Amino acid sequence: MTDDSLWTIFLNATLINNFVLAYFLGICPFLGVSAKLETASRMGAAVTFVMLVSSSCAYAIHKLLTAIDAPYLQLISFIAVIASTVQLVEMFIKKVSPALFRALGIFLPLITTNCAILGLALFQTNKGYNFVQCIVYALGAGIGFTIALVLMAGLREKLELAQVPDVVRGTALALMLAGLLSMAFMGFAGLGG
Amino acid sequence: MKQPTTGTDEFVKGLWKENPVFIQVLGMCPVLAVSNTARNALAMGLATLFVLVMSNTVVSLLRNFIPKQVRIATYILIIATFVTVVEYVIQAISLELHKALGAFISLIVVNCLILGRAEAFASKNTLGRSILDGLGMGLGFVLALFCLGAVREVLGSGSLFGLSLFHDGFQNWVVMILPSGGFFTLAGWLLLFNWLKQRRGGEVAG
Amino acid sequence: MSDLPILGATERPSAWKMLRAMVGIGLLCGLFIVAVYQTTLPAIERNKAEALQRAIFQVLPDAKSSMTFRLDGNGRFALLIDGEAEDRLVYAGYDHERELIGLAVEARGMGYQDVITVIYGYSFAADAIVGIRVLASKETPGLGDRIETDETFLKNFEKLDVTLAEDRSAPANPIEAVKHGRKEHPWQVDGITGATISSVAIADILRDSSAFWVPRIRARLDDFRQEEAP
């Protein structure tokens, strides 16, 4: 429905309107998993994968629900698909790399409640993207999420060694970092113009 | 172990000691996203409160009916239902509010707070206590959202609920309405809470 | 959602109990949602219609009533029927004597931060755009969002010329944005200093949209007159 070029969509999702730093989606894992660089990048990859799968399913579901005129089932179907995908990914990671499974711990099943994934499904539906645009959007969103997470992890790892007052340590510090990162990313606005 | 608590205790803990936003640091996404004006923050808070109380009620009523294996899936189903309901009700009341809150109404369904309370409390407690718990946590959430929204709107637009507070000489801190402002404001509030906690001799939130 | 090893695994409930819970609750939820949906539908439709009317009357100042038309595959405009896809719509505005005065059209395009959606009114008598209203924008507060509030900027759209060229295939002079204070012709848009990209975005959106719609509308004026205005 829109004639945004694929490149614009991708840039938009990754940098200009980064899901974490501009839309505030995926904050819980962002604050929770971004302490270590390695975990952060693996989490980002898992989230990107789940996004791609959910995005395609969301597109199909939306088409189906429109055809049978049951728009009110949208939210339930989306969340059901996301929950199932996460379950599958969990089982897959457990089989393929038990070490990673342990490292991600509780945060793996928590991907289900990651607003970024549901947010992606909702945004792409509202914008009326076709299938290819959805995939590109999901890819951009996932990569953007990973970039934000990795940047945050890098910064926080360095900050571990700094002298920081107790009241600030922890979440408050992470939030201030996020605020600064968000301001930095604002510099990307106009990139798509 | 766990001391017998009164109903009031269940209600009050959500407001201060176990405040979902400032102490437990849950449900961050909507907190940051729709708190750029006090009105939006309040509306979002109330919508979440409604879903939380209803979900706690239903989960508590059905707690002996839902087998453990399928409990999370069922909770999510129940929560998603109430969120869908809230979304249609808001649209019927005010299209403009619906546009302002956007997709974040739907995102209430993945608010870790609601699922968390269903799992940690409502599934194990009586109806009465579950409702009080939901009310307390929900109001704590509304309070937190309002604190954020008010600060961001006053500093960022020079108004509160749309009413201009300062005369023209006031330079708006536009950054407050932008995403960065959300992060900074929340950090500020958390700082305050941590400091107060430290003064009381407690542990600082990690 | 991975199940931790459960002590006392003999406790595992029957499949029937699990099925009963999920399906039973699922059905109840479904019924509840449908009930709420049906109850709120009239109110929501009413709100949407009112909001649309308000927007149309704002961009077509003399309109008293409006009808929605859709461009079909043959280049003709027909009244929108229930159930048809809601794309390629235009809103015709009529005065109190049921005379056609103009059309309101929605248009979208990329702004500085994200997509901007506007609705603008095209008047036949003036052969120009006579009103614009921003429906959705995420431009920077205090800077880009001045496209919605800056009075000097909005004055551009009281009579933005879109007269067609000789061959009636497109506006003779495409709308273009110019630096603030440099406006010389009625088809130019005086930009906002400090919000260049947002101002240019609005001009581009209007240019592209009017290039598409104005020739088609003018070619089929009678389509809008034939229908009985309410």
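**Exercise 1. Determine which residues of helix 4 of chain B meet which residues of helix 6 of chain B, and describe how the two helices cross.**

*Solution.* Step 1. In this predicted model, B:Tyr75, B:Ile76 and B:Ile79 of helix 4 of chain B meet B:Ile114, B:Leu115, B:Ala118 and B:Glu119 of helix 6 of chain B. Two residues are in contact if their C-beta atoms, placed from the backbone, lie within 7 Å. Helices (H or I, at least four residues) and strands (E, at least two) are DSSP runs, numbered from the N terminus.

Step 1. By class, the residues of this contact are six nonpolar, no polar and one charged. Ala, Val, Leu, Ile, Met, Phe, Trp, Tyr, Cys and Pro count as nonpolar, Asp, Glu, Lys and Arg as charged, and the others, Gly among them, as polar.

Step 2. Helix 4 and helix 6 of chain B pack at an angle of about 130°, and their axes are 10 Å apart. Axes are lines fitted to C-alpha atoms, for helices over the stretch in contact, and angles run from 0 to 180 degrees between N-to-C directions. Helix 4 of chain B is therefore oblique to helix 6 of chain B. Under 35 degrees counts as roughly parallel, over 145 as roughly antiparallel, 65 to 115 as roughly perpendicular and the rest as oblique.

Step 3. The crossing of helix 4 and helix 6 of chain B is right-handed. A crossing is right-handed if the near helix is turned clockwise from the far one by less than a right angle, and left-handed if anticlockwise.

Two conventions apply throughout. Residues are numbered from 1 along each chain as its sequence is written, while chains are lettered from A and ligands numbered from 1 in the order in which they are written. Since the model is predicted, local features need pLDDT of at least 70 and side-chain atom pairs count only at pLDDT 80 or more, whereas totals for chains, interfaces and linings use all residues.

**Exercise 2. Describe the packing of helix 7 of chain B with helix 8 of chain B.**

*Solution.* Step 1. The angle between helix 7 (residues 127-157) and helix 8 of chain B is about 125°, with their axes 10 Å apart. Helix 7 of chain B is thus oblique to helix 8 of chain B, and their crossing is right-handed.

Step 1. On helix 7 of chain B, the residues involved are B:Cys147, B:Leu148, B:Val151, B:Arg152 and B:Gly156; they meet B:Gly181, B:Gly182, B:Thr185, B:Leu186 and B:Trp189 of helix 8 of chain B. This contact has five nonpolar, four polar and one charged residues.

**Exercise 3. Identify the elements of chain B that touch chain A.**

*Solution.* Step 1. In the contact between the two chains, 33 residues of chain B take part with 33 residues of chain A.

Step 1. Two or more residues on the chain B side come from each of helix 2 (28-33), helix 4 (71-93), helix 6 (112-122) and helix 8 (179-199) of chain B. Helix 8 of chain B gives the largest share, 12 residues.

Step 2. The chain B side comprises 26 nonpolar, seven polar and no charged residues.

**Exercise 4. Decide whether C:Arg98 is buried or exposed, and locate it.**

*Solution.* Step 1. C:Arg98 lies in the loop between strand 3 (89-94) and strand 4 (100-110) of chain C.

Step 1. C:Arg98 is exposed, because 12 other C-beta atoms lie within 10 Å.

Step 2. The phi of C:Arg98 is near 65°, a positive value in a residue other than glycine.

Methods
A residue is buried if 20 or more other C-beta atoms lie within 10 Å of its own, exposed if 12 or fewer, and partly exposed in between; C-beta atoms are placed from the backbone.
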